Amino acid sequence: MKRIIIVGAGASGLMCAINSKTNLNEVIVLEKNSTPGKKILMSGNGRCNFYNDDQSINRYHSNSNKIENIFEDSIRVLDYFNSIGIKYTTKNGYYYPYSNKSETISNVLINEANKKGVNIICDYEVNTISKEGNEFIINNDLRCDVLVLSTGSMSGINYDIFYGYDFLDSFNLEIVRPLPSLTKLICEGSFFNKWNGIRTKAIVSSFDNDILLKEEEGEILLTDYGISGICVFNISRDIVKLLDDGKTPKVKINFMEDFSIEDLFNNDLTVKETLDRVLDEKLVDVILNKYHIPKDKKYDDLNNEEKNNVRHGLYAFELNVIDYKDFKSSQVTQGGLSLDEVNDNFETIKVPNLYVIGELLDIDGDCGGYNLTSAFLTALKASDKIKDLK
Ligand SMILES: Cc1cc2nc3c(=O)[nH]c(=O)nc-3n(C[C@H](O)[C@H](O)[C@H](O)COP(=O)(O)OP(=O)(O)OC[C@H]3O[C@@H](n4cnc5c(N)ncnc54)[C@H](O)[C@@H]3O)c2cc1C
């Protein structure tokens, strides 16, 4: 009877355990926390956005072009949850459990694992892994024939020591430099305390040397260090990489996507009076001050340079990004085990019977359910092979 050990009882580890377990094998999941699925519980603001109708490949990112084929059958994730009776609700193509509670997903996965006879051992941190012949040895304590690494990443969690990358390193596997993604951006400026706490609709665009990298629409949160919010998270990936390369990327914010200059200033009001009727007054003051726009003049009375500044301040408010918030503040990690190290079942090519799934891989997705889909799908694909091992 083959013994399979899975390190990490998160989204990918639980999914892999359930679908790998048969009557002919033993499946053990080792989890360092006192309960499984902690990050599932945190996900989607406690609602767990686990899938998205838009499965375009550009929603998923990796350094390897192997990514292109992986998500062709991501519908398997939805099919799986359907098959175990999860009912869902959708909003703009985003899928949540019908209960709107991430506990539903986490509890169902734990129950399914228990029903199948998976042995989940909590409060067990793996800190060493070695190999003797065909066997893997864990903490000089447990042995197994098949080892699955599903430790996730350091994102969103306060880790003293994260061992996931050390395990990969110990098998000489190539790691793409892990960096935070879906994270908050620290910007240059001295006015941030004036706009701190404002939430507003915007289009944000990222630039490297005036070359447009990405544009995202949604809610932006203006903070005392710079910018946050889902649309900022979704442009943060490239920006973090540029900063890591020593560059100074730029962000431009369009605060006024719904109104043209003509729509706005067709009245007898001053510039400030007009803008105060559309945007948060504190934000209006920041825009007027940064772009040296006279508050008390009407738009028609501004000179050409001032009119140009109004356009900039409203439609292309520019910020230099100087840093990003750390792993703990990020939702996901870019980088991880190079996809070139694994086959289609996420078994490492160099070390047979060693599987790597979930966020420990060099795959990260946009906000919108893509990261859980990736965790679940890579787990399903690994278990396709593991369950048949004799
Ligand atoms: C605040 C927040 C909100 C999010 N919201 C969403 C969302 O709505 N939709 C979405 O798609 N994604 C979301 N994500 C991302 C998503 O939760 C992760 O990408 C996903 O959980 C990764 O699954 P995983 O199995 O790889 O890792 P995890 O789910 O993190 O599981 C890894 C497990 O391994 C354990 N572990 C680690 N090291 C060891 C060790 N040495 N020994 C034993 N156990 C170990 C950990 O304790 C953990 O339980 C969110 C992330 C955060 C932080």
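**Figure 1. Salt bridges in the predicted model, with a close-up of the pair R237 and D364.** Across the whole structure, 23 salt bridges are found; the coordinates shown belong to a predicted model. In this view, R237 and D364 form a salt bridge in which the closest N and O atoms are 2.7 Å apart. R237 belongs to helix α8 (residues 230-244) and D364 to strand β21 (residues 364-365), so the pair ties together parts that are 127 residues apart in sequence. Both R237 and D364 are buried. Side chains of opposite charge can pair when their charged atoms come close.

Figure 2. K272 and D285 form a salt bridge, with a separation of 3.2 Å between the closest N and O atoms. Helix α10 (residues 271-276) carries K272 and helix α11 (residues 281-290) carries D285, so this pair ties together parts that are 13 residues apart in sequence. D285 has a relative accessible area of 26% and is therefore partly exposed.

Figure 3. A salt bridge joins the side chains of K297 and E306, at 3.7 Å from N to O. The two partners are classed separately by accessibility: K297, with a relative accessible area of 34%, is partly exposed, whereas E306, at 14% relative accessibility, counts as buried. Salt bridges with shared partners also join D54, R59, K214 and D366 into one network.

**Figure 4. Interface of domain 1 and domain 2.** The domain assignment divides the chain into domain 1 (2-181 + 332-386) and domain 2 (185-324). The centres of domain 1 and domain 2, taken over C-alpha atoms, are separated by 38 Å. At the interface, twelve residues of domain 1 are in contact with eleven residues of domain 2. About 960 Å² of area is buried between domain 1 and domain 2, and carbon and sulfur atoms give 45% of this area. Of the area that domain 1 buries against domain 2, L179, Q334 and C367 supply 42%, more than any other three residues. Three salt bridges are found across the interface of domain 1 and domain 2.

Figure 5. A search of the whole structure returns zero disulfides. C122 is in no disulfide, and the nearest cysteine sulfur, in C16, lies 17 Å away. With a relative accessibility of 24%, C122 counts as partly exposed. For C367, the closest cysteine sulfur is that of C231, at 9.8 Å, which is too far for a bond; the cut-off applied to a pair of cysteine sulfur atoms is 2.5 Å. C367 counts as buried, at 9% relative accessibility.

**Figure 6. The open sheet of β3, β6 and β5.** Three strands form an open sheet in the order β3-β6-β5, with antiparallel pairing. The edge strands, β3 (51-52) and β5 (88-91), each pair on one side only. Two bridges connect β3 with strand β6 (residues 94-97) in the antiparallel sense. Within this pairing, Y51 stands opposite Y95 in β6.

Figure 7. Strand β14 (residues 198-208) and strand β17 (residues 250-254) run antiparallel and are joined by five bridges. Strands of a sheet pair through backbone hydrogen bonds, either parallel or antiparallel.

Figure 8. A17 is located in helix α1 (residues 11-20). At 0% relative accessibility, A17 counts as buried. When neighbours within four places in sequence are left aside, A17 is in contact with I6, V27, V29 and V118. The C-alpha atoms of A17 and L109 are 9.5 Å apart in space, while the two residues are 92 residues apart in sequence.

Terms used. Residues are numbered from 1 along each chain as its sequence is written. This is a predicted model: local features need pLDDT of at least 70, side-chain atom pairs count only at pLDDT 80 or more; totals for chains, interfaces and linings use all residues. Side-chain values use heavy atoms; hydrogens and water are left out. Two strands pair if DSSP finds at least two bridges between them. Helices (H or I, at least four residues) and strands (E, at least two) are DSSP runs, numbered from the N terminus. Buried means under 20% relative accessible area, exposed over 50%, partly exposed in between (1.4 Å probe, protein chains only). Domain bounds come from an automatic or database domain assignment. Contact means heavy atoms within 4.5 Å. Buried area is the accessible area (1.4 Å probe) that two parts lose on being put together, summed over both. A salt bridge is a side-chain nitrogen of Lys or Arg within 4 Å of a carboxyl oxygen of Asp or Glu.
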